[in-house]
Amino acid sequence: MSVHISAKKGEIAKTVLQPGDPLRAKYIADNFLEDVKLVSKTRNIFYFTGLYKGKEISVGASGMGVPSIGIYSYELFTEYDVDTIIRIGTCGGYTTDLNVFDLINVDGAASESTYAKFAWEMDEEIMYHQGKAFDVINETAKELALETKAANIHTSDVFYRKTPEIPAIAEKYNCPAVEMEAFALFANAKHLGKNAASILTVSDIIPTGEEISADQRETALRTMMTLALESGIK
Ligand code: ADE
């Protein structure tokens, strides 16, 4: 048991897929995994371990935002000896160069967040994916004939804001999209020498207000889940 995860040691696989939403973790467990066990439900943040194509993998939520993924990913890496975390989430496009349903394999996550500075004395404004997971995702996407864009993204603490302008940090690091977690995941992995990557599906285009509808969401997210699972078992 760790402070926020009630699984026993050994009940979590070496690779964990981390959506933000606990119900999305459940969806993956119900629809893609075999021999599934619910190993933690503390705070309704479900963690499941099961088999995908015969290989053990876990899936569990990060919750929303930097503090939440900072906690869960740290405990997974340090208390459960997890080697690789692949975040799977949605992001908002800052530009009409992106389309809803586009898949992004995150290269770097730029943020105004002070998480890396105060947790690990890392002063950089951008944290990059760690280890081999990013390359594995690119290769797996090719094998599955899926188009992914490698890009920097903005990890923001802000979902609702006063002004519609693209935040300066997103301009500075050429971030076409925004989400709320990858920076902290990458900072933890960097500090601990672990592997971390993030696959994001563009769920909304901020300047036009276009968004994936509720019934389109399931199919769109299934593609990302398949890519993450196929990458995760390599
Ligand atoms: N995730 C999905 N859409 C988002 C947005 N518009 N801002 C921040 N995170 C998001």
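**View 1. Val16 stands opposite Ser58 in strand S4.** In this predicted model, local features need pLDDT of at least 70, side-chain atom pairs count only at pLDDT 80 or more, and totals for chains, interfaces and linings use all residues. Residues are numbered from 1 along each chain as its sequence is written, and side-chain values use heavy atoms, with hydrogens and water left out. Strand S1 (residues 15–19) and strand S4 (residues 55–60) pair in the parallel sense over two bridges, where pairing requires at least two DSSP bridges between the strands and a strand is a DSSP run of E with at least two residues, numbered from the N terminus.

**View 2. Strands S3 and S4 form a hairpin.** S3 (residues 47–52) runs antiparallel to S4 and is joined to it by six bridges, and Tyr47 has Gly60 in S4 as its bridge partner. Two residues lie between the strands, and Lys53 in the turn has a positive phi of about 50 degrees.

View 3. The shell, counted by heavy atoms within 4 Å of the ligand, consists of Thr90, Cys91, Gly92, Phe159, Val178, Glu179, Met180, Ser203, Asp204 and Ile206. Strands S5 (84–93), S9 (177–179) and S10 (195–205) each give two or more residues to this shell, and the largest share, three residues, comes from S5.

View 4. Among the polar contacts, which are pairs of N or O atoms within 3.5 Å, a nitrogen atom of the ligand is 2.7 Å from an N or O atom in the side chain of Asp204. A ligand nitrogen atom also lies 3.3 Å from a polar backbone atom of Gly92, and a backbone N or O atom of Thr90 is 3.4 Å from a nitrogen atom of the ligand. The protein covers 89% of the 260 Å² of accessible area that the ligand has on its own, as computed by the Shrake-Rupley method with a 1.4 Å probe.

Terms used
A polar contact is a pair of N or O atoms within 3.5 Å; within protein, one must be able to donate a hydrogen and the other to accept it, and residues adjacent in sequence count only if both atoms are side-chain atoms. Helices (H or I, at least four residues) and strands (E, at least two) are DSSP runs, numbered from the N terminus.
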